[in-house]
Amino acid sequence: MNLNENNLTEQPVIEWFKQFGYEYKFGPDISPGGVLVEREFKDVILEKRLRSALRRLNPDLPDKAIDDAVYKLKKVEYPNLELANKEIYQMLRDGIKVNVEDRDKNLRGKFVKVIDFENPLNNEFLIVNQFTVQGVERVRRPDVVVFINGVSVAIFELKNPTAEEATIQTAYHQLQDYKKDIPEIFKYNQILLISDLLEAKYGTVSSSWEWFKKWRGIGDPDEKLKGVSELEILVKGIFQKSRILDIIKNFIVFEADSERDVSKYTKKICLYHQYFGVNKAIQRTLQALKPKGDGKIGVLWHTQGSGKTLSMVFYVNKTKELKELQSPTFVFLTDRNDLDNQFYKTFLRTGYSALAKQAETIKDLESKLKTAGGELIFTTIQKFGENFGILSEKENIIVIADEAHRSEYAELAARARKALPNASFMGITATPVDLENRSTRLVFGDYIDKYPMSRSVEDGATVPIYYESRLIPLHLTNYFIDDEFNELTQEVKDIEIKESLKKKFARLEQAVSVPDRLKQIAEDIVSHFNNRGLEGKAMVVTISRKVAVEMYKLIKKLPNAPEVAVVISNPNEFKNDIQEETRANELEKRFKNPEDPLKMVIVCDMWLTGFDVPHLMTMYFDKPLKNHGLMQAIARVNRVFKDKQGGLIVDYIGIADDLKKALSIYDTPTRNEAMISIEEIVNKMLEKYDVVKSMLNGVDYSKWKYLEGEKLSQLFQQAINTIITDSKDGTLDEKKKERFLKESSALIKLHAFAMPHKEAYEIKSDIDFFKAVRSNLIKQTVVKSRISETAFDFDSTVKELLSKSIKAEGIIDVLALKGRDKVDISILDERFLEEVKKLKYKNLTIEILRKLLEDEIRLRVKKNNIRYHSLLELLEKLIEEYENRIINASKVIERLIELAQEIKKADKEARETGLTEEELVFYDAIASNKMLKQSSEIKKLVKELVKMIRRDLTIDWTNNEIIKARIRDNVRFLLLKKDFKPEETEKITDLIYQQAFYIYKDYNPRRANFYFM
């Protein structure tokens, strides 16, 4: 069997869909030229199927309403893909609004249902492979497209797992190209899926690479599925008919970049833990409803940074439409105003601006509950400390309490239970709940679902948190620490005790804010931040607003300080001492933009909870925090961003012991992920450093930064020659080169994270050298590895530490040596070939020639396979003979230079024919037959052939048996007409057809030069 993309990935996907009852069609069969044509190539909606579904789902509506609905769905136009996708999503979910005449000839607004979400079997599910789409300039062919009622809702891009260059990353990038070339199909898309069978991920039209995620589980995320591929789990986990409808209806949101003046929407889809967790919560909600239930929904534990707030949006999406609840009212309780605002803003940004409201007082809450129907009310738990009676006796109120298990919180929540006696209560938390706590169990019940930090890091939903101690002494007397200090970080109600603690806190603040100490910390923060090897932003956490302002002033004075801002409550009190812009929402906008130059913020209490900035890499702590407050604060750095390896906590005040205590309630894996010493990264870095260093054994690069010109070039020659050479027999060593690329990539990332740790700083010069060598190795030698880190660099958080001069010069400029004119870097340039022959290191010479020759030949093979393919085979044979020690280094260099001459000769002969590139392809197909003489007769024949073949071309003709047969027949007839012998005719017809297939396979009549694309 031929192990290709079709039978390894495409066919299994089709079979899995068939198992779920999906109809299957082969793309070319339903496209022009097919046996059952349903579409034109530019159509991405199957209109007949759509119309049939709309009539079935809307039997009471007239044909004109159906026509209007189809027109509206097809004619959505926006310059921005996300906006078009958002409008179409709303049509699919809620129906298409059309005007219908009533009996009195008055127009009434009606919604045309596109998908029946309540009755899955009332919809038509179809899977199509090789679905060719004609764009404005290009024709593209997605591997598998999923249709519901004629609308394309999912696209699969699949790669052959046996092909080195076909990775899941190339599938992702192919989809990004498709978005530009055939944007029309992406307007309707709900899920994008990529796989090479071994790996499988899904995302949306908005998802960057890091947000394409794996799916766990088919029936349950914890089930053991041995021997089942990720692709099968993805297909069977998402595309069961009822589940895909559930996901489309309830588990997709478009999040705006702000509450007002929206400039961008990001389409987000649930992660598997959100889907399963929310659906468990829905089941428990129905069980808990009074009067039959006890009103205790339970506690949902999803760790910090794993999308807990978004899970609540999904929960509301689905719960608000449950018939049993009859438009429920949701009351969200938090214990801090900033958390209350964060929750409120998230719902505003995800489409709930008309329903979301904040209650300022208990009376305001009572008033809103009286009139509420399907609304979301946000308030703080502290309001339930006031005296009040029953606020509402409605049974369709759902109270959702954030971090519901704190001692005082549970007490207040119990009072909320009395005020809302018939409501159902759910707790959500990012930290484990002590279910032995009677108050928590009485109010909320048991766990609904658990998604701990260890699982979140494993899934890539969050990144691990690292800890670095850089303590600056406080010089405090002993009595102030330990037990009494614990009181300072806890909530108390007794006024006298509060006053006593205020005095103690003032003394702690005084000790922390000693000018020399703050100056030392400010200098260390700027130095540390500037020398980190990562792009990203930082947050400084101070003990008070006053100290925050002092820290701002100190940092601003320092040379090379990043742009910094203070974010505190009542900033106008310090308006003469801080930045001009003090509005928190404006600063938030800037800080959340990774491209904005505002790199650092200084806070006291604000932004420590519920504040998501994925590119926040570092937090500098000079404030004592404890328990859940500390856990919530450090989790600001655990968000996913590009290739971010982790977040870093830098400790100036000694939070380590408090962090250990806060983690004591977690399981061991979670404790290990939540507080990893920076030393672990340093140790891994040193291990990789030893590996990479050993691969350059014998190369002295200790003073490389002091070299220039010829000496620097020779050092690079030696280094690269060492990496590509087998130390035992002196031949080329492909595996050693690949290992260096992989190990050096890991080392560079670890080093970037560890900087400016002392041990990282000590090897910085060596890392820069390895980076320069690695960069040139990729550029100047043939890299065929499947290792994604080698030649496939996605957007990285690693700073470019390498000087531009080194990167630009590289080893290829070894030929522009001191005292010589710069040589044209071309395999076809005689002077270049002469210079290459003089290189000291033979393996380096071979690799440079090999790389340049391969690039040149492959470029030509794309246009004319027959003329140049033999040269590519010859190149591969030469390298193989050298690696097998059949020929020596000197001989292979000589033969490679001869090969360069062969390319020049082939190019010259091509020019002398006077034919176009397109005509030359067919000329070579005929002339390559040794029984024929190359003549002017062949040229005339070729021009006639090109016209004849072009006449029959249509989009996707390679999948149309009739057109393929017609082209063959016409070519055969023309050759016989020109007196070719029958045996010659068959052979040449095959060659011509192969060439036509190769150069015209992506034919698009809209594009002038449609060949060689």
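This is a predicted model: local features need pLDDT of at least 70, side-chain atom pairs count only at pLDDT 80 or more; totals for chains, interfaces and linings use all residues.
An axis, as the word is used here, is a line fitted to the C-alpha atoms of a helix over the stretch in contact, and the angle between two axes runs from 0 to 180 degrees between their N-to-C directions.

Two packed helices are described by the angle between their axes and the distance between the axes. For helix α35 (residues 917-927) and helix α38 (residues 982-1000), the axes come within 9 Å and cross at roughly 155 degrees. Because angles over 145 degrees count as roughly antiparallel, α35 is roughly antiparallel to α38. The crossing of α35 and α38 is right-handed. On the α35 side the contact includes Val921 and Phe922, and among the residues they and their neighbours meet in α38 are Leu991 and Ile992. Sorted by class, the residues in this contact are 10 nonpolar, one polar and one charged.

**The sheet**

An open sheet is built from seven strands with parallel pairing, in the order β22-β23-β21-β24-β25-β20-β26. Its edge strands, each of which pairs on one side only, are β22 and β26. Inside this order, β24 (residues 616-622) pairs with β25 (residues 647-651) in the parallel sense over four bridges, and Met619 has Ile649 in β25 as its bridge partner.

Helix α20 (residues 584-592) packs on the sheet, where its direction makes about 135 degrees with that of β23. The strands that α20 touches include the two below.

| Strand touched by α20 | Residues |
|---|---|
| β21 | 537-542 |
| β23 | 598-603 |

Helix α20 also touches β22 and β24.

Key:
Residues are numbered from 1 along each chain as its sequence is written. Side-chain values use heavy atoms; hydrogens and water are left out. Two strands pair if DSSP finds at least two bridges between them. Contact means heavy atoms within 4.5 Å. Angles under 35 degrees count as roughly parallel, over 145 as roughly antiparallel, 65 to 115 as roughly perpendicular and the rest as oblique. A crossing is left-handed if the near helix is turned anticlockwise from the far one by less than a right angle, and right-handed if clockwise. Ala, Val, Leu, Ile, Met, Phe, Trp, Tyr, Cys and Pro count as nonpolar, Asp, Glu, Lys and Arg as charged, and the others, Gly among them, as polar.
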